[in-house]
Amino acid sequence: MAGTSVLQRTNFFSPPADPPQSSDLNLRLKEQHCLSLLKSCKNLEEFKQAHAQIVKWGFFWNSFSASNLVAACALSDWGSMDYACSIFRQIDDPGTFEFNTMIRAYVKDMNFGEALAFYCEMLERGAEPDNFTYPALFKACAWLKAKEEGMQIHGHAFKLGFENDVYVQNSLINMYGKCGQIEHASAVFEQMDEKSVASWSAIIAAYAGLGMWSECLMVFGNMSGEGCWRPEESTLVTLLSACTHLSALDLGKCTHGALLRNISELNVIVQTSLIDMYVKCGCLEKGLSLFHRMAERNQMSYTVMISGLAMHGHGEEALRIYSMMLEEGLEPDDVVYVGVLSACSHAGLVNEGFECFARMESEHRIEPTVQHYGCMVDLMGKAGMINEALEFINSMPIKPNDVVWRSLLGACRVRCNLEIGEIAAKHLFQLNSQNPGDYVILSNMYAQAEKWSEVAKIRMEMARKGLNQVPGFSLVEVGGIIHKFVSQDTSHPRCKSIYDMIHQMEWQLKFEGYTPDTSQVLLDVNEEEKIQRSKGHSQKLAIAFALIHTSKGTPIRIATNLRMCNDCHTYTKLISIIYEREITVRFPKRAPIGPKSQKNPCPAQRLNTAEVPDVTISLWSQEQCTETTELTW
C-alpha cells in the first residue's frame, strides 16, 4: 500500500480491538497532544501526519477529535475541501457541529451550491440546525441571489425559534438586501428587539446595494441619534458613496470628519472613496490634494482621479496623472483606459484619444471592449466628426450596443444631423431600447427641424410602448437640506419669494445684455410662450432659492437630471458673475456648447433619472449616478 493516502487505509478507521495498554490519564494526555498537533499545522502535509496519529491511537472515534479534524482541514487557509469531505464521510453519525463546519467551509470556498446541499443532507439525516447554521446559509443564498431558497430557510429558522437571534437576523437582512428584497430586509430590521452595530451596517449596506442612498443616510441618522453605536469603517465608506451619489458635499465633509475621529489611519480604499466624493461633489482641488498626499496609491486611486479630472474637463491633467501611474510601475487595465479615453473625449483631445486607443492594445495587450469603442464614438461625436463616428461603428469587430448608438444619437442632436441621427435611432429601436430618452432625443430633433408630424408619431410610439420620460428636476443643498424643483414648479412653500427672486435676477441680467435663448424650447408655440417657459426651468428656480437662503459668497451646488440648455448655461454664468457666487451644476450627458467649443467639460456619465420625491427631510433619494459631469462658474 505504498503511496496510498491515510484515508484509503480503511483498517486505520476500524476501532482497535485491543487498544494500547495505557492508563486513561495517558490516553487523555496523548489525545491532547494530537489535538495540539492539529492546531499547529501549517500545511496539508503536517495535517495528514497529525491525522495519522489520531487514527493510530483510535481517537478518530471520539466525536470531539473527529470534529476538530474536519474543522482544521475544512476551515484552514491551507485546507482541502476534498480531503475534509473524505474525513466527514467516515463519521458514522455526524452531528450539528460537523454539518455546520462543512457548510461554513463550502461558503468560505465560494461553493455555495454545495453548502445548500449539505443543509438538505443535514435535515435528511436528522441533525438539528442551530443558530450557527443559518448565517452561513443566508450568506450562500445572498451570493447566489437565491431568494426562494432563502425564504424557505428563513421559514425553517423561524420554526426552530431562531427568529430573534441577532446573528441570524443580521444575516437575513444581508441576504434579503442582496436579493433585492429591501422590504423584507427592512421588516426584519424593524422587528429586532436588540440591534448591534452589525445590524445597522447590514441595513445600510442593503439600501446602498439598491442605490437607495437617501435611505442609507436616514438610517445612519437614526443610528447616530441613539448615541450608543460607533459606526464601522465599512459603514462610513458606504455613507461616503451615498454623499457622492447625492452630491451632498456638506454631509460628505461630516462623514470625512467621522472617519478621522474613529479611525487612526485611513487605508487606501477609504482615501480613494474620499477622493471620489470630493471630486464628484465639485471640489476637484480637495480631491487632488488628498490624492497627492496619499502615501500609497493603487490602480483604483488612479482610476478615480483620472475619471474625476475627465469629469471636470481637465483632459491634459488626467493624461499627466496617467503617465505618473505608469512611472510608478502600475499596469493599467481596461477600466483605467475607459477613464483615459473619456478624459480625451471630454477635453476634445482627438489625436491623443486615438493614440491612447492604439497604445492600449499594442503596448498593454488590452483587448478593446464595447466601452472603449463607445468612448471613441463619443470622442468623435464631441468633435463634430459625425460621419467618421458612423464609419468607426460600422468597422467595429464587435457588435455595437445601445450605449454606442446612443452616443452617436446624442452627438447628432447637438450637431443637428438628422440624417445620421435617424440611423442611430433606428439601430437603438432594433435593439429593443426601452429608454424613453432615445425617443425624446429623436422627437426633439424632429421638433428642431419643425417636422411636427414626425414628433407626433414618436410621441404616439412612446405612449403605445408605455414609455414615460421622468420629468426634469434640479436639486440644491441649502443648510444640510436637499430641495427639489421641477420645471414651472409652484408647489414649493416659498414659491412666491422664489419667483420674485427670478424677476429680480432677470432685471439684473438685462444690464448685462442678456436675452433669452428659446431655440431649445421645442414646442409648437409662439415666442412669448417660449420665453415664459424658459423662465421656469428647474435650474433657475434652484439658483433663485439658493440665492435667497444662503449668505453672500456661499458656493451653490446643483444636481439636475437633464442636460443643461444653452439658455440656462448663459443664464447661470451671468448670475455667477452678478452675484459673485461660485455655481457648480452637475448634469447629464452634454456636448460642448457652440460649434467649435472644446474647452467646456463634457460628461463622463449620465445621471440615472429615477424619480425623486418632494423633500420634506434633510435627505433625498436617487439612483446611482452614471455619466455625470459638472460645470463651475
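A: Axes are lines fitted to C-alpha atoms, for helices over the stretch in contact, and angles run from 0 to 180 degrees between N-to-C directions. Helices (H or I, at least four residues) and strands (E, at least two) are DSSP runs, numbered from the N terminus. The model is predicted: local features need pLDDT of at least 70, side-chain atom pairs count only at pLDDT 80 or more, and totals for chains, interfaces and linings use all residues. Residues are numbered from 1 along each chain as its sequence is written, and side-chain values use heavy atoms, with hydrogens and water left out.

Q: At what angle do the axes of α8 and helix α9 cross?

A: The axes of α8 and α9 (residues 166-178) cross at roughly 165° and come within 11 Å. The two helices are therefore roughly antiparallel, a term for angles over 145 degrees. The contact (heavy atoms within 4.5 Å) joins Gly150, Met151, His154 and Ala157 of α8 to Val168, Leu172, Met175 and Tyr176 of α9. By class, these residues are 6 nonpolar, 2 polar and no charged. Here Ala, Val, Leu, Ile, Met, Phe, Trp, Tyr, Cys and Pro count as nonpolar, Asp, Glu, Lys and Arg as charged, and the others, Gly among them, as polar.

Q: How does helix α7 pack with helix α8?

A: Helix α7 (residues 133-144) and helix α8 (residues 147-159) have axes 9 Å apart, at an angle of about 165°, and are therefore roughly antiparallel to each other. On the α7 side, Tyr134, Leu137, Phe138 and Cys141 meet Glu149, Gly150, Ile153, His154, His156 and Ala157 of α8. This contact comprises 6 nonpolar, 3 polar and 1 charged residues.

Q: Which residues does UniProt list for "repeat: PPR"?

A: The unreviewed UniProt entry gives residues 95-129, 165-199, 267-297 and 298-332; such annotations may be inferred rather than shown by experiment. In the model, residues 165-199 are 71% helix and 0% strand, with end C-alpha atoms 12 Å apart. For residues 298-332, the end C-alpha atoms lie 10 Å apart, and the span is 74% helix and 0% strand.

Q: In which sense do strands β1 and β2 pair?

A: Two strands pair if DSSP finds at least two bridges between them. Strands β1 (residues 473-478) and β2 (residues 481-486) pair in the antiparallel sense, over 6 bridges. Val476 stands opposite His483 in β2. The hairpin has 2 residues between its strands, and Gly479 takes a positive phi near 60° there.

Notes. Angles under 35 degrees count as roughly parallel, over 145 as roughly antiparallel, 65 to 115 as roughly perpendicular and the rest as oblique.
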